[in-house]
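Subject: Structure handover

Hello,

Here is the structure for you to take over. Please open it first, then read my notes below.

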Amino acid sequence: TTGGYNGGQAEYVRVPYADVGPTVIPDWMDPDDAVLLTDVVPTGYQAAEMGGIQEGDTVVVFGAGPIGIMAAKCAWLFGAGRVIVIDQLDYRLEFVKEFAQCEVYNFKHLEDPVVFIKKITDSLGADVCIDAVGAEAAGDTMNTMLGRKLLMQGGSTTALHWAINSVKKGGIVSIVGVYGPIDALVPIGNVVNKGITIRASQASVKRLLPKMIEHVKNGIIDPKAMITHRIPLEEVGEGYHIFSKKLDNCIKTVLIPPSA
């Protein structure tokens, strides 16, 4: 579904239309900022953009990984009046609280995240909910078993359930969390009955790069502040282990090639 090409960390990489895709890095830009503009920053920005955030809106972001952190940060750029982030790891919540100046809650300490969000939004629900988790979502035994253990659906849809059920009637759910191509359990009846708009996409990196470069230049966004680990390319296996297992308070890892 994504083209059949080997990933960017393969030994050899085929890049179709390589004379069209690249963007020149400005001389003033820190390489650490530049590398995050290729994925994390535009994806988080687009998550907020697709939310159609209006002035004063309450925005709930599910997931405090790098994408969720950037989505929370960018929600303010569109005029959000309140930004809330839900996750299960305290160190990530503390990081996003400081980085994006938002409210944070650990869902493991909440009896029901949906009910909790309704209670703190005058029973209306959030104006915009962003799913920045995707297939690896925890928090629901059935979804975890079917989507992560048995692989009978395209991932655990727990965060998507929470987003759909937490958003207000007529609200918007923005999805940047990655799901597999096979069927998944989604409460589509709730979507219809609540009149919800769902927007989902891979990030339009090329479209957003000029704007993101300007935001970095003007000090509006500081991507490199999210980097917590720098791993030599020769130790990439350990880098993936640290990131996937959420070890050593890891937020974002960058790989350093030998020539650097």
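A residue is called buried under 20% relative accessible area, exposed over 50%, and partly exposed in between (1.4 Å probe, protein chains only). Helices (H or I, at least four residues) and strands (E, at least two) are DSSP runs, numbered from the N terminus. This is a predicted model: local features need pLDDT of at least 70, side-chain atom pairs count only at pLDDT 80 or more, and totals for chains, interfaces and linings use all residues. Residues are numbered from 1 along each chain as its sequence is written, and side-chain values use heavy atoms, with hydrogens and water left out.

**Helix α2**

Start with α2, residues 40-50. Of its 11 residues, 10 are buried, so the helix is largely enclosed by the rest of the structure. The buried ones are V40, V41, P42, T43, G44, Y45, Q46, A47, A48 and M50. After α2 comes G52, which has a positive phi, near 55°.

**The sheet**

Next, the sheet. Two strands pair if DSSP finds at least two bridges between them. Six strands make an open sheet, with parallel pairing, in the order β3-β2-β1-β4-β5-β6. Its edge strands are β3 (103-106) and β6 (197-200), each of which pairs on one side only. From one strand to the next, the twist averages 20°. For angles, axes are lines fitted to C-alpha atoms (for helices over the stretch in contact), and values run from 0 to 180 degrees between N-to-C directions.

How is β1 placed? Five of its five residues are buried, so β1 is largely enclosed by the rest of the structure. T58, V60 and F62 point one way from the strand, V59 and V61 the other way, and all are buried. In a regular strand the side chains alternate between the two faces of the sheet.

β1 runs parallel to β2, and five bridges join the two. There, V60 stands opposite I84 of β2. Four bridges join β1 to β4 (residues 126-131), again with the strands parallel. In β4, V60 has C129 as its bridge partner.

**Helices on the sheet**

Contact here means heavy atoms within 4.5 Å. α7 packs on the sheet and touches β1, β4, β5 (167-175) and β6. Its direction makes about 150° with that of β5. α4 lies across β2 (82-87) and β3, and runs at about 175° to β3.

**Aromatic rings**

Now the rings. Those of Phe, Tyr and Trp (its six-membered ring) pair if their centres lie within 6.5 Å; planes under 30 degrees apart count as stacked, over 60 as edge-to-face, and the rest as tilted. How many aromatic pairs does this rule give? The count is five.

One of them is F62 with W162, a tilted pair at 6.2 Å centre to centre and 45° between the planes. F62 lies in β1 (residues 58-62) and W162 in α7 (residues 158-166), so the pair ties together parts that are 100 residues apart in sequence. Both F62 and W162 are buried. Ring pairs also link F62, F107 and W162 into a cluster.

F95 and F99 have ring centres 5.8 Å apart and planes at 15°, so this pair is stacked. The two are four residues apart in α4 (residues 90-100), separated by about one helical turn. F95 counts as buried at 19% relative accessibility. F99 is buried too, at 12%.

A charge sits over a ring if NZ of Lys or CZ of Arg is within 6 Å of the ring centre and within 35 degrees of the ring normal. The charged end of K73 sits over the ring of F99, 5.5 Å from its centre. K252 lies over the face of F243, at 6.0 Å from the ring centre.

**Two residues to look at**

G68 is in helix α3 (residues 66-75). Is G68 buried or exposed? At 1% relative accessibility, G68 counts as buried. Leaving out residues up to four places away in sequence, G68 touches V61, G63 and A132. G68 and T43 are 25 residues apart in sequence and 9.2 Å apart in space, C-alpha to C-alpha.

T144 is in helix α6 (residues 141-149). T144 is buried, with a relative accessible area of 17%.

Best wishes
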